[in-house]
Amino acid sequence: MKFTLNGVDADHTPRPGQCLRTLLRENAHFEVKKGCDAGDCGACSVLVDGHPVHSCIYPAYRAAGRRVVTVAGLGTPDDLHPVQRRFVDAGGFQCGFCTAGMVLTASTLDDDAIAELPQRLKGNLCRCTGYRSIDDAVHGVVNTEKPQGGPSCGRSLAAPAGTRIVTGTEPYTMDFAPPGLLHASVLGSPHPHARVVAIDTSAAEAIAGVRLVLTAADSPDRLFSTARHDQRNDDPDDTRVIDTMMRFKGQRVAVVVAETLAAAEAGCRALVVDYEILPAVFDTEAASAPGAPKIHGDKKHDARIADASRNLVAEVHGGTGDVEEAVAAADAVVTGRWRTGRIQHVHLETHGTIGWRGDDGRLNLRTSTQVPFLVRDEVCEIFGLDRDEVRVFTARVGGGFGGKQELLTEDIVALAVLRTGSPVQFEFTRRDEFTVSPCRHPFQVDVTAAASADGTLTALAIDVVTDAGAYGNHSPGVMFHGCGESIAVYRCANKRVDAKSVYTNNIPSGAFRGYGLGQVIFAVESALDDLARELDIDPFEFRRRNVVVPGDPLVAAHVEGDDLVYGSYGLDQCLDLAEQALRRGNGVEPPEGWKVGEGMAVAMIATIPPRGHHSEASVALQPDGRYEVRIGTAEFGNGTTTVHTQIAATALGTSPDRIVVRQSDTDATTYDTGAFGSAGTVVAGKALHAAATRMADHVVDIGASVSGCPRETCTLGPQGVQCGDRFVSLDDILAASGGTLVADGDSGGVPRSLAFNVHAFRVAVDEGTGTVRILQSVQSADAGTVMNPQQCRGQVEGGVAQGIGTAMYEEMKTDGAGTVVTDSIRSYHVPQFADIPRTEVYFADTYDTLGPFGAKSMSESPYNPVAPALANAIKDAVGSRLYELPLSSDRVWRSLGEMSTDD
């Protein structure tokens, strides 16, 4: 089949039924991404005769005689197409995985089409940005600055990888195909609870191209958790690489490794499995009842499960004062039960790993993870390997949101490589992400809140039940964290926390942006809003009277330890900024006849996860006068590479283009806990700041020694050290140090500070249909020193967009018997361009005493107050309180009917 590809004649023969995406990628056009393989996300977009198409559903044979252009054919990093330049200048991306398709589609738009942008971009999804920066890019708005003299921190510098991202030349995990690559495919269990009695592998092994079939007999006899934390004992050891006991639909039964993916999938279909079907349980109440099926009844005490005989993963009980007495004496009391469902991360790059043996015999794993060091350590634990026998690294990671703080593909690849000696690839499909990959924990939250007539909060109690699903990965941490800052943000003499996490035969739950806080904050902020209404006190004022201020103890189930402190405090400013924005309005009018309401909510989060978060970094002076930074944290749209470049450049008195970052590679530095808990700036960045500061001191010391001048007369600049009237170049510095000059730094993640967010909405509600329209969206954030204003604004907007998705649209639905029925992007409503309003973002003016250059974290927290603020705005508009997410139009309409019936 002949066609032109990026202006060059091409001749390829597609397989029967092959789509254009796989044809292009098999011929090393890795700029064409795989996001869904269903025509839903647009990451695979290419131009065919000038028209954008989703190459994952475009039959390859139809390209015959046509002109096909990928994003790499539009321009190169050194010669960008005008639209590519606009995306760089606007900062129109975060993880960048969607950007190739977005740029291609945008390149076809004329002025008339741009006027219909929400419609024209409906086929291209972005999970990271919230679309504002993409809108800016299409319209030619410049949000970034060019590097100039002076400190880099505090400026909106463009991402170092920007030109590569917009041209499709920045590599992601699967953009690599070593010779002899084998493919793994997994047979999933059709039953939610069953024992594998026998597997006949003979038919699968007879299929041409099949090299290996792995079953539980090949699995190491080692229990572990897929969740990754600095302390591996934080999660229960309840998982095997391949088990004989199936605890949810889709769990691994066997793995087939073959020369092609098609052969591996055929091998899975040929397996004959004999199951003993067991009783299953799908809700937490039934799972907690006497006589319920014991999902992990075979586990011993050393598995760190609270009580396997009761399906209890973990529990916490505690508080202060006397809640019952305070409730009895209160002037106003609110009680209620709130529920949140399952949410999928929908990072556009699915989980995937490529593994191989290096020339030195070491196991190499190139993987899509937020935690390469923790993956390495657990792979060593599972397979009995020494750490120096395994290298784990990432390319750029296409989104995470907590979903890649797991070990989901690396163990299979490691086992297959160790058995075959050949390179092996295992990549999740989009359906796998919905049906196998852990999701956000469903929560049931009972709240009791009481106050005196003057608006003083006198009692606050929560009773929480979380559905862990079939495995306990992250469940203890999500439970504890969810019941922490959500309660501790309020000053109240009487508090009580009761919470438990329960096993069921549902899909496993895991880490998700906010790590439990969003679920509990939805309930608590809704209850407190109702309490303020009962007392006829403005919601902003009610919060001002009751939120903690510096000097107040931080109390939830217990008094927080000395490691959590007020490094700075901007919650008062955040309340003022959000309220002032609502009072100003934005000129957007509601449709005629619709009811209008306003709502707000508060969120607090520790800037670093508890129980250990460590990072080590180094800076080395290079012969060309640049500085090489080695740091372990991963870049997945969190912007750490840009901020780390700015930190190093500022500390070293140089320009950002003279900083080279080598990151997320266990061979690059000694250790980094990972990119989760918003730790990229305040832990890894702090370690880098220490290393860069030491390097600056070393360079100045050597300059003073070489020049013979007093140190206090020496100043470090981009090219060297000015010592009085004498200049000592960096070449001379390096020579004087013997040709090698390296400085190290580390951070242990303590003490931890606090960050704050306030969200506010003005909405319109159509009482006839339950439709909710956001008229104004505002978030104020206390991020300390804003290291990169454009980038930090984007993190807030992205968190808000994901929060709006959770609040209004997204819901993983099951059939009640363990099957996820929303198993595609098409059946699961990821917000499109048209769904997300522009959010006004305001930053408090604070300087944190603990973070590098006064910075705090600001990646997770913007998500947390969004859902309750929206629920409170709907309540203000129509008087109906919604207790379950999402706040979909049918639920709003139904609640209005129930309210009128009650009246």
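The legends below describe close-up views of a predicted model. In this predicted model, local features need pLDDT of at least 70 and side-chain atom pairs count only at pLDDT 80 or more, while totals for chains, interfaces and linings use all residues. Residues are numbered from 1 along each chain as its sequence is written, and side-chain values use heavy atoms, with hydrogens and water left out.

**View 1. Helix 13 and its surroundings.** Helix 13 spans residues 372-383; helices (H or I, at least four residues) and strands (E, at least two) are DSSP runs, numbered from the N terminus. Its 12 residues reach 16 Å from first C-alpha to last, close to the 16 Å expected at 1.5 Å a residue, where the expected span is 1.5 Å times one less than the number of residues. Helix 13 is largely enclosed by the rest of the structure, because 11 of its 12 residues are buried (under 20% relative accessible area, with exposed over 50% and partly exposed in between; 1.4 Å probe, protein chains only). The buried residues include Phe-373, Arg-376, Asp-377, Glu-378 and Phe-383. Among the elements covering them are strand 15 (363-367), strand 16 (390-393) and helix 14 (410-420).

**View 2. The open sheet 26-25-24-30.** Four strands form this open sheet in the order 26-25-24-30, with mixed pairing; two strands pair if DSSP finds at least two bridges between them. Strand 26 (659-663) and strand 30 (742-747) are the edge strands, each pairing on one side only. Neighbouring strands are turned by 20° against each other on average, direction ignored. Strand 24 (residues 615-621) and strand 25 (residues 627-631) run antiparallel and are joined by five bridges, and Leu-621 has Tyr-627 of strand 25 as its bridge partner. Helix 22 (residues 679-707) packs on the sheet, touching strand 24, strand 25 and strand 30, and its direction makes about 150° with that of strand 30. Axes are lines fitted to C-alpha atoms, for helices over the stretch in contact, and angles run from 0 to 180 degrees between N-to-C directions.

**View 3. Helix 21 on the sheet.** Helix 21 (residues 640-651) lies across strand 25 and strand 26, running at about 135° to strand 26. With 12 of its 12 residues buried, helix 21 is largely enclosed by the rest of the structure. Its cover includes strand 25, strand 26, helix 22 and helix 24 (789-809), where contact means heavy atoms within 4.5 Å. Just after helix 21, Gly-653 has a positive phi of about 60°.

**View 4. Cysteines without disulfides.** The structure holds zero disulfides, a disulfide being a pair of cysteine sulfur atoms within 2.5 Å. For Cys-36, the closest cysteine sulfur is that of Cys-41 at 3.8 Å, too far for a bond. For Cys-44 it is that of Cys-56 at 3.7 Å, again too far for a bond. Cys-36 counts as buried at 9% relative accessibility, and Cys-44 counts as buried at 3%.

**View 5. Nonpolar cores.** A nonpolar core is a set of buried Ala, Val, Leu, Ile, Met, Phe, Trp, Tyr and Cys residues joined through side-chain atoms within 4.5 Å. The largest has 167 residues, and Phe-87 and Ile-462 have the most contacts inside it. Helix 18 (residues 517-534) gives the most to this core, with 10 residues. Not counting residues up to four places away in sequence, Phe-87 touches residues including Phe-93, Met-102, Ile-134 and Val-166. A second, separate core of 37 residues includes Ala-648, Met-695, Leu-730 and Ala-743.
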